[in-house]
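The sequence and the structure are shown first.

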Amino acid sequence: RMCLGKLLLQEPDVLLLDEPTNHLDLDAIEWLEGYLKQQFVPMVIVSHDREFLDNLCTKVVETERGVASSYKGNYTAYVAAKAEREALQWAAYERQQKEIDKLQDLIRRLSGGAQSGRAAAAEKQLERMRAEGLVEKPFVPKRRSFTFPPVEKMGATAVQIQVTRGGGRAARAQGPGPGGRCAGPSGV
């Protein structure tokens, strides 16, 4: 908190904030949000706090597979715009793939026959499409899954602390026992 406050009071030309809400309580986050809203300096904020981003951001820049894309608005607007952009890209890609399949089928059926001129025209159209640039297939990240290996059954004692008092008597504390209840020397 102190370091963040000290940095903010130096009136920087640009703010680079990496997880600024970490280790702050709700009151401190609200104060920081209000303070940052009053600033007129460019800010780059990296955060997992979606509400914080929604309340502060006016533009989101996403970097995916080495390409940066800008989205106007807050985090929620970014999520919606990205989903719409991906849906449009999928529709354009699928439409183009159908057209390519249709042209390739036409070329295959008509090549070498009486209508080889139509096949040649279809080949030229296909070459023109490729020269103009094909719609890239939208990126679908691979689903990665992992499992933790099974663990042998653990005992009921999670933590055991032994403290020796002045009279040589030892007090013992024990972690949760059966049913999640704590069982210590006094039954606490």
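## Basis and terms

Helices (H or I, at least four residues) and strands (E, at least two) are DSSP runs, numbered from the N terminus. The model is predicted: local features need pLDDT of at least 70, side-chain atom pairs count only at pLDDT 80 or more, and totals for chains, interfaces and linings use all residues. Residues are numbered from 1 along each chain as its sequence is written, and side-chain values use heavy atoms, with hydrogens and water left out.

## The largest pocket

A pocket is an open set of points on a 1 Å grid over the protein atoms alone, where a 1.4 Å probe fits, with protein on both sides within 12 Å along at least five of seven lines; lining residues have an atom within 4 Å of a point. Volume is the space filled by probe spheres set on the points, which are joined across faces, edges and corners.

The largest pocket holds about 600 Å³ of space. Its lining comprises 21 residues, and Ile45, Leu53, Cys57, Lys59 and Val60 are the closest to its centre. Helix H2 (26-37), strand S2 (43-46), helix H3 (50-56), strand S3 (59-64) and helix H4 (75-110) each give two or more residues to this lining, with S2 giving the most, four residues. The lining has 14 nonpolar, four polar and three charged residues, where Ala, Val, Leu, Ile, Met, Phe, Trp, Tyr, Cys and Pro count as nonpolar, Asp, Glu, Lys and Arg as charged, and the others, Gly among them, as polar.

## The second largest pocket

About 390 Å³ of space lies in the second largest pocket. Of its 15 lining residues, Glu64, Arg65, Ser69, Gln89 and Phe139 lie nearest the centre. S3, strand S4 (67-72) and H4 each supply at least two lining residues, and H4 gives the most, with four. By class, this lining has five nonpolar, two polar and eight charged residues.

## Helix H4

Just after H4, glycine 112 takes a positive phi of about 75 degrees.

Lysine 82 has a relative accessible area of 16%. Leaving aside neighbours within four places in sequence, lysine 82 is in contact (heavy atoms within 4.5 Å) with Glu62, Glu64 and Tyr71.

Methods:
Buried means under 20% relative accessible area, exposed over 50%, partly exposed in between (1.4 Å probe, protein chains only).
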